[in-house]
Every structure is written in C-alpha cells, then in structure tokens.
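Here is a short briefing to read alongside your model.

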Amino acid sequence: MSEVQKHHPQQMSSHHDVIADILETDLSYGDVVQLNVVSNSMQPLMSIGDQVIAEITPSDEIEQGDIVVIRRNHDYLTHRIINQKHNTWVTKGDNNVLPDPKISQDKLIGRVTIIKKGNRSINLQSQQWVFLNPLLAKLSSFESRAFSIHPYFRLPFRFTIRTIQSILF
Amino acid sequence: MLTLESIPIPNPNILYRVIDDEAVLVMPEQGKVKVVNEVGAVIWSLLDNHRTIQEIIQEICSQFEVDENTAEKDTIKFISDLVEREIVSIAK
C-alpha cells in the first residue's frame, strides 16, 4: 500500500499494524483487497510495482500451493504455502531459498486470486494455475531441503520453477 | 465545486481506525491508504451524511484554537482532497 511508505519507519510500522488489523477484522469472506507488491521475494511471478488482488477466505479452504496474504508480527506478507500441518502453515517466497518460520492458520488474511503486472493480469484460479500451484509448492519445498544439504543442489529445482513460470508468462 | 452548504458523504467502502492523533483510512479494493492528522480525523468523524461543510467548520472552530477563515480554507482544501481520492462524495 503505497501511501504508507511515505512516512518514517516508526510511523510506517504503526500504520502497517493498523492496516493489517483492519484487513484482518473488518473484512468479510468474499471481500477483496488490492495490495501493492513491495518486495521481489515472489519473483518472477510477482515483482515490486505489481498489484495483487486477494480474496478474504476461510483458512479451511486454503490448499498447499496457494499464495496467501498472512499477518506476520506487525506487518503482512504474501507468500506461497509449501506445507501444512495441523493448524500451521509453512510459507515461502518463490524467489527465496529458505522457507518462512511456521505460522498459525489464524493469521490468514486472504488468498491471492489475481496478479496485475502492468496491463496484464494473471488469474491464479484458472485451470493451469490450479494445476501448477501445488507443483510449484513441492518444487519450492524440495529446493529448500536440497539447499540445506548443499547450496548447489537447489539449482535444478530453481531452474524448473523459473522455467515453468517463464513459459506461463 | 464545494460550497459551505455542501454535504460531504463518506464512501461506505472505506475502512478506518482512529489512533492517537490521526486516522488511517483504507480503501481495500483500490489498495490505497490515506493517513490524516488530528484535525483531519475530527473532520472525518464529523462526516455523518447530514452536516454541511459550514457546520463542520463551526465544530472545528469550537474544538481547536483557529479562526474561522483559516478553518474554512483548510476544511475545504481537506474535503476537496478526499473528494478527489473518492473517499468522500458530495450530496447533490
């Protein structure tokens, strides 16, 4: 959300907290929220300057491979779910090597349904993405495990993820 | 064109919180946020679909140490900005 970034860091943290609180508590299932992408952790799918549309969704409808907006500490982030166990999720940015710390499912704000890249839109609910998202989650998860053995072992997974996403663009 | 008789109507899709001396207004579907200062937060809280800009100015003068001319100028400028951002519309 661009305008908040104009304030100094202390204000920004406080405002992000308020915004996350509003998104978490004032919206109902089915409502949508548009967010500006502010990091490249999901590249090439999402880059700084892109926008995402997220739909407020109950956590039991979320599946492995979905890209979700979750509240983390005083902010929120948009990453892919690569693993789920009981009431927790493991998320990871497609462009990150390591996953994020486990997070409780009650931190969910919504599921990303559309990514806007300039004049183009990517519909993550289309058949091809519904098929590919779980696959990308698996590859992303394998990449992290391979990296923990040796940094070079991650490269085949990274290459495959990049290739799949490049073909779809 | 805003006049003192205009009635500003807050956009019902705006979500907001008043915190400390400011208000955070969120337009979820547009992905926009507007943070307003203490006076702006008071003006926002006065938008009740009935008050005219003149009545809002009078309220501002009673709550803050400000002369009516300054309050009028600042309030109209502030509400014009909100109208431009589609946070507020003006009753016809």
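Contact here means heavy atoms within 4.5 Å. By that rule, 17 residues of chain A are in contact with 15 residues of chain B. This is a predicted model, in which local features need pLDDT of at least 70 and side-chain atom pairs count only at pLDDT 80 or more, while totals for chains, interfaces and linings use all residues. Residues are numbered from 1 along each chain as its sequence is written, chains are lettered from A and ligands numbered from 1 in the order in which they are written, and side-chain values use heavy atoms, with hydrogens and water left out.

**Where chain A meets chain B**

- Together the two chains bury about 1400 Å², with 61% of it on carbon and sulfur atoms; buried area is the accessible area (1.4 Å probe) that two parts lose on being put together, summed over both.
- Two salt bridges are found across the interface of chain A and chain B, a salt bridge being a side-chain nitrogen of Lys or Arg within 4 Å of a carboxyl oxygen of Asp or Glu.
- B:Arg17 and A:Asp21 join their side chains in a salt bridge, at 3.1 Å from N to O.
- Five residue pairs are in polar contact between chain A and chain B, both residues at pLDDT 80 or more. A polar contact is a pair of N or O atoms within 3.5 Å; within protein, one must be able to donate a hydrogen and the other to accept it, and residues adjacent in sequence count only if both atoms are side-chain atoms.
- On the side of chain A that touches chain B, the elements giving two or more residues are α1 (9-25) and β1 (32-36) of chain A. Helices (H or I, at least four residues) and strands (E, at least two) are DSSP runs, numbered from the N terminus.
- The most comes from α1(A), with eight residues.

- Strands β3 (residues 67-72) and β4 (residues 75-85) of chain A pair in the antiparallel sense over six bridges; two strands pair if DSSP finds at least two bridges between them.
- A:Ile67 has A:Arg80 in β4(A) as its bridge partner.
- Two residues lie between the strands in the hairpin of β3(A) and β4(A), where A:Asn73 takes a positive phi near 55 degrees.
- β4(A) also pairs with strand β5 (residues 88-92) of chain A, in the antiparallel sense over five bridges, and A:Gln84 stands opposite A:Trp89 in β5(A).
- The hairpin of β4(A) and β5(A) has two residues between the strands, and A:His86 there takes a positive phi near 50 degrees.

- Is A:Asn119 buried or exposed? A:Asn119 counts as exposed because its relative accessibility is 84%, where buried means under 20% relative accessible area, exposed over 50% and partly exposed in between (1.4 Å probe, protein chains only).
- A:Asn119 lies in the loop between β7 (108-117) and β8 (120-123) of chain A.
- A:Arg154, in the loop between α2 (127-149) and α3 (155-168) of chain A, is buried, with a relative accessible area of 16%.
- Not counting residues up to four places away in sequence, A:Arg154 touches A:Val97, A:Glu143, A:Ala146 and A:Phe147.
- A:Ser41 sits in the loop between β1 and β2 (51-55) of chain A and counts as buried at 14% relative accessibility.
- The side chains of A:Ser41 and A:Ser39 make a polar contact (3.1 Å).
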